[in-house]
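This briefing walks through one protein model, from its overall build to a few local details. Please keep the sequence and the structure open beside the text while reading.

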Amino acid sequence: MKAVVIHRPGSAEELVLQERPIPIPTDGQVLVKVNAFGLNRSELMTRKGLSPNVQFPRVLGIECVGEVETDPSGQYAKGQPVMALMGGMGRDFDGSYAEYTVLPKHLLHPFQSMLPWEVLGAIPEMFQTVHGSLQLALGIQPGETLLVRGGTSSVGMLAIQIAKNLGLTVLATTRNVQKESALRDNGATHVLIDDGKLSEAVRAIFPEGVDKVLELVGTSTLHDSLSCLKPGGMGCMSGMLSETWAIPNFAPMEFIPSTVKLTVYDSGQISSSTTAFQEFIREVEAGQVKLSVSQVFRLDQIVEAHRFMEQNQGAGKIVVLP
């Protein structure tokens, strides 16, 4: 089989397409034929050597959709469509940047759909992060105001749609003026050009501040995002587009405004149910949600795909078809 292997951290050119034996599943594992996978900023960070405890060489990839090839236990028939994400994929063990991958059975979500693989490939991590952030962490409610910081990311684009569909007023940010119309077309009521300081712009629209904030840029803008919240409001950090893990000299009493709440969503700790994934697929099939797929690449174009992601050229999910 063909697999993309990284032998040492570095630039996109460190991702090398190689021939490897098809792995053999053991007890508790399933061999999956990978039909599509989405790219994620966390894979970019792992590629650069910024993910703790990752050993090289490694096949990256924290999510995929495909079909069961072999299940030694017999639980899944050959050809059963499945999706999988997180749980150590592409970090603790080889992930989805390959034609086949061996995965722990508990990571699999079986599903049924007539959607094309390039659409299905955009779903797993993107949906789980949005669902976990908006529903499980923030507990959004109709009539609330929501600021999505990092609105043109794949997670941001989906979060805007889902929040809008649920009756929220959505403010979305971008650093690129040319992407403003894409955010409005996607459901954002207000678009803010992000210069690193949004509090005044937000309060010019909502003087008391907003009810909820979904922070996708990361630690570099988190303090400013919290200052956009009204007293009693809540912020959730779910992304690190800025590629920084930590806040230097973090002082909670100075960092977090009084009565404002701060939480996080980490899909590696709490995952969405198989039922939630299937229901979301049905919503996409019915046209209730339009997935933003910015570009589709082949496996042998993985270097170009990583460059595309690193340069923030798209607005939405990048999908690779092995």
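In the charge count used here, Lys and Arg are taken as positive and Asp and Glu as negative, while His and the chain ends are left out. On that basis the protein, which is a predicted model, carries 26 positive and 33 negative side chains, and the centres of these two sets lie 2 Å apart.

**Overall build**

- The protein has 10 helices and 15 strands, and its C-alpha trace spans about 60 × 40 × 35 Å along the principal axes.
- Of the 322 residues in the protein, 54% are buried, that is, they have under 20% relative accessible area.
- When contacts between residues at least 6 apart in sequence are considered, 70% of them join residues that are at least 24 apart.
- The accessible surface of the protein comes to about 14000 Å², and carbon and sulfur atoms account for 52% of that area.

**Aromatic pairs**

- The structure holds five aromatic pairs, and one of them is formed by Phe 127 and Phe 280, with 4.4 Å centre to centre and 20° between the planes. This pair counts as stacked, because the angle between its planes falls under the 30 degrees that the term requires.
- The pair links distant parts of the chain, since Phe 127 belongs to helix 3 (residues 124-137) and Phe 280 to helix 9 (residues 274-285), with the two residues 153 apart.
- Both partners are covered by the rule for burial: Phe 127 is buried with a relative accessible area of 5%, and Phe 280 is buried with a relative accessible area of 2%.
- Ring pairs also bring in Phe 277, so that Phe 127, Phe 277 and Phe 280 are linked into a cluster.

**His 306 and its surroundings**

- His 306 sits in helix 10 (residues 302-310) and is buried, with a relative accessible area of 0%.
- Leaving aside residues up to four places away in sequence, His 306 touches Ala 12, Leu 15, Leu 39, Glu 43, Leu 44, Arg 47 and Tyr 97.

**Backbone details**

- As a background to this group, most residues other than glycine have a negative phi, and most peptide bonds are trans.
- A cis peptide bond, with omega about 5°, joins Phe 56 and Pro 57, and Pro 57 is found in the loop between helix 1 (41-47) and strand 4 (63-70).
- Asn 53, which is placed in the loop between helix 1 and strand 4, has a positive phi of about 70° although it is not a glycine. Asn 53 counts as exposed because its relative accessible area of 74% is over the 50% that the term requires.
- Met 86 has a positive phi of about 55° and is likewise not a glycine; Met 86 is found in the loop between strand 5 (81-85) and strand 6 (100-104).
- Is Met 86 buried or exposed? At 11% relative accessibility, Met 86 counts as buried, because that value is under the 20% cut-off.

Note on methods: Residues numbered from 1 in each chain as written. Predicted model: local features only at pLDDT ≥ 70, side-chain atom pairs only at ≥ 80, totals over all residues. Heavy atoms only, no water. Helix = DSSP H or I, 4+ residues; strand = E, 2+ residues; numbered from the N terminus. Buried < 20%, exposed > 50% of the residue type's maximum accessible area, 1.4 Å probe, protein only. Contact = heavy atoms within 4.5 Å. Areas by Shrake-Rupley, 256 points an atom, 1.4 Å probe, with all protein chains shown as cover. Charge placed at Lys NZ, Arg CZ, Asp CG, Glu CD. Phe/Tyr/Trp six-rings, centres within 6.5 Å; stacked < 30°, edge-to-face > 60°.
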